[in-house]
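Have the structure open and try each task before reading on.

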Amino acid sequence: MKLDILAIGAHPDDVELGCGATIAKEIANGKKVGIIDLTQGELGTRGTAETRFEEAENASKILGVSMRLNLKFADGFFVNDKTHQLVLINKIREYQPEIVICNAIDDRHIDHSKGSKLVSDACFLSGLVKIETKTEAGELQNAWRPKYVYHYIQWKNLEPDFVVDVSEFMETKMKAVLAYKTQFYDANSKEPETPISSKNFTDSILYRARDLGRLVGVEYAEGFNVERFVAVDSLFNLK
């Protein structure tokens, strides 16, 4: 299956929180989008790997993605090394995305910046023909390098390099985020409080997107960082 966009997160719910509305918008525009979760989020204070998997499935249906895969790397302990890079290279070559969207370049959770660099490095290495990887059937894969690698913004208020108008898709994003029932605000929950389980955090998803939208003259926006200059064909392409 060839994808237009492959969104990758260190944990289930990273993609929904970071770029869920953008994904929903691109799917509505006819693009084929998939998600890869690097870990099962098994070290999370609330919920379990099993509940996270079920929640991820529900969120995927809400967003309408074409595929979702969990690589089951060790939550908190995966590293950016050859072994992990080769697993990702294999998947990048399998799905051949034009665009990869991944974790924040810098963030509170150590897995986010680690995942960001791991994915970015794997995207580069995936384009090198002398790195050999094989399909499950044992056939050699063709080298493939995504045209663009973008990083969504997470806990820290990083300054975006560009934003996407997602005004019509915030409702879909919020439904996908709140599919992770164990993770976010629930007044009746008896589980320990975490930085993301407060009502303030849930509210922040909307008010941060609204503030980015305010800055560019739309209702809601999601921001992204890039590792190289963003080019446009014309000055008139800017909103």
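**Exercise 1.** Find how much space lies in the second largest pocket of this predicted model, and which residues and elements line it.

*Step 1.* The second largest pocket holds about 890 Å³ of space. A pocket is an open set of points on a 1 Å grid over the protein atoms alone where a 1.4 Å probe fits, with protein on both sides within 12 Å along at least five of seven lines; lining residues have an atom within 4 Å of a point. Points are joined across faces, edges and corners, and the volume is what probe spheres set on them fill.

*Step 2.* Of its 42 lining residues, Leu17, Gln154, Trp155, Ile196 and Phe201 are the closest to the centre.

*Step 3.* Two or more residues each come from H1, H4, helix H6 (199-216) and E7; helices (H or I, at least four residues) and strands (E, at least two) are DSSP runs numbered from the N terminus. H6 has the largest share, nine residues.

**Exercise 2.** Now describe the largest pocket and its lining.

*Step 1.* Its volume is about 1,500 Å³. Among the 39 lining residues, Tyr150, Phe162, Val163, Val164 and Val230 are the closest to the centre.

*Step 2.* Strand E6 (162-165) is one of the elements giving two or more residues, and E6 gives the most, with four.

Residues are numbered from 1 along each chain as its sequence is written. Local features need pLDDT of at least 70 and side-chain atom pairs 80 or more, while totals for chains, interfaces and linings use all residues, and side-chain values use heavy atoms, without hydrogens and water.
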